[in-house]
Amino acid sequence: MTERPSLIKKKQQVEKLTKELTGAKTIALIRLKNLPDNIFQKARKKLRGKATFVVNKSTVIKRALENANKNSELLKALNEPVAVVYSSNISSYDLYKYFKQNREKLAAKPGQIAPYDIIVPAGETDMPPGPALSELKAGKINAQVKAGKIVISKDSTVAQKGEKIIDPVAKALRKVGIFPFEAGIELLLSNEEGLVYRPDILDITSEQLTLDFKQELQNAFALSVNTNIPTAQNAEYLLQKSFMDAVNFAVNEKLYSESVIDDLISQVYSQALGLGIEVKFNKKDEPKEKTE
């Protein structure tokens, strides 16, 4: 029985993608829904030579991931249209960082829902008096003419969060250069050498990561000291602490030893002075001034 050409083509695609994914260091799935094609193509062009973008049917991607023996967690993201991005030299973090830094502002369209209170701030514009004044006013902007230019006399809320944006407001926002929407590539999951990363895990700066590491090192040091677990990092501190504990114990319990004899003599000498007793020492036995 001869296989259908479409089935042969699908098998070839699975085989090719399996081979490419098998040798990849990082494999990420990105959301295609509502992703403008120009943003997708920009990313593909910008990362050419560093990462490869593959768009195919979810069945092909699923089979290739399974054949490549990649973490099954990625398969959970295949319940919607996705593209595969794989690379041999870009980490999951760098990939996420690129996508985050290359999101683009978009103009509002009539009928869209305001993602937040959209406020046009007061201030001057470069627009001369004319039809623009009427367009701004129609878009709920408090505009007027001053010194030959259109100015926005006070902050103007043109749409509240959750409100549908009407056509005059959309036009007015474009006029004053306010783009309340944003679009970009959304990373759903990423597999890097067997470990799967969600976007919320990758959403951290290197500066914050350094601070977190320092804090955790301090916490680990404090824990090891408090539980008296010696390590290469706390050995010197623990020895000093143990020595001081031993000295204090010996002094409090009046246990004579070479290490505490000067402290004991000083203690007795101070007590004698407190009682008004004159104590005479040979020169060599005078209490030594304690130095830390």
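I looked up Lys146 and found its bridge partner in β8, Lys149. Strands here are DSSP runs of E with at least two residues, helices are runs of H or I with at least four, and both are numbered from the N terminus. The model is predicted, so I kept in mind that local features need pLDDT of at least 70 and side-chain atom pairs pLDDT 80 or more, while totals for chains, interfaces and linings use all residues. Residues count from 1 along each chain as its sequence is written, and side-chain values use heavy atoms, without hydrogens and water.

Next I checked the pairing of the strands. β7 and β8 are antiparallel, with four bridges; two strands pair if DSSP finds at least two bridges between them. Their hairpin has two residues between the strands, and Ala147 there takes a positive phi near 50°.

Then I turned to helix α5, residues 131-138. Which of its residues are buried? Ala132, Leu133 and Leu136 are, where buried means under 20% relative accessible area and exposed over 50%, with partly exposed in between (1.4 Å probe, protein chains only). These three cover an arc of only 105° around the axis, so they lie on the same side of α5; the arc is taken from the directions from the helix axis to the C-beta atoms. On the face turned away from that side I found the exposed residues Pro131 and Ser134. The cover over the buried residues includes β7 (143-146), β8 (149-152) and α6 (167-175), with contact meaning heavy atoms within 4.5 Å. Just after α5, I noted that Lys140 has a positive phi of about 70°.
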